[in-house]
Amino acid sequence: MDEFFDDPAGTIETYVDPEVAAQPLMFNDAARQPFEIPIVPNAGVTLVSAEQQKRRDKLRELEEERIKIVREKDQEERIQKQQRKEKAQQYLLQFQTELKNDIQARKLANKQTQELRSQNKSEYKNSWDKIASNIALKDGEYPGEKDVAKMRQAILNKRKDLTK
């Protein structure tokens, strides 16, 4: 390995110019001496006064209290949110059951009205019979003030035309 670093041209001799060596140094000699750092066992630890330590402890306690309060509030919010969800699920279930009951009741009522309509259709031969059944055929039966005799006569004539 040492052969790798050897210069093939041979050793290089250094030359010191006596004029340059005689010139005064730009820095004092102490600046050219190697700098040695004294090794201190606790170099990374800074010493703190008792008052500062009390402040730090007090701040740490306050921070822990604040974190504890925040966690408690968060837990309470989660519980309240869960309760609201459960209440909403119950309301939704109740609403759906009421809706189903209402739909069933409407279906039943619609069936009954449809049956009545089908019975009424079979009762009358044509629609003019039904209309004629709703009007007062006798002159004294009509409760209104206006004379509707001509209208009554037209409806009866129409019914007679369809039944022929």
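Visitor: Where is the place of Leu-99?

Guide: Leu-99 sits in helix α4, residues 50-123; helices here are DSSP runs of H or I with at least four residues, numbered from the N terminus. This is a predicted model, where local features need pLDDT of at least 70, side-chain atom pairs count only at pLDDT 80 or more, and totals for chains, interfaces and linings use all residues. Residues are numbered from 1 along each chain as its sequence is written, and side-chain values use heavy atoms, with hydrogens and water left out.

Visitor: Why is Leu-99 called partly exposed?

Guide: Buried means under 20% relative accessible area, exposed over 50%, and partly exposed in between, with a 1.4 Å probe and protein chains only. Leu-99 has 38%, so partly exposed is the label. Phe-95 at 42% is partly exposed too, whereas Tyr-91 at 57% is exposed.

Visitor: What makes Tyr-91 and Phe-95 a stacked aromatic pair?

Guide: Rings of Phe, Tyr and Trp (its six-membered ring) pair if their centres lie within 6.5 Å; planes under 30 degrees apart count as stacked, over 60 as edge-to-face and the rest as tilted. The count by this rule is one aromatic pair. Tyr-91 and Phe-95 are 6.4 Å centre to centre with 20 degrees between the planes, so they pair and count as stacked. Both lie in helix α4, four residues apart, about one turn of the helix.

Visitor: How do you know that residues 55-82 are helix?

Guide: The span is 100% helix and 0% strand, and its end C-alpha atoms lie 40 Å apart. An unreviewed UniProt entry annotates these residues as "coiled-coil region".

Key. Helix = DSSP H or I, 4+ residues; strand = E, 2+ residues; numbered from the N terminus. UniProt positions renumbered as here; feature names shortened; annotations may be inferred.
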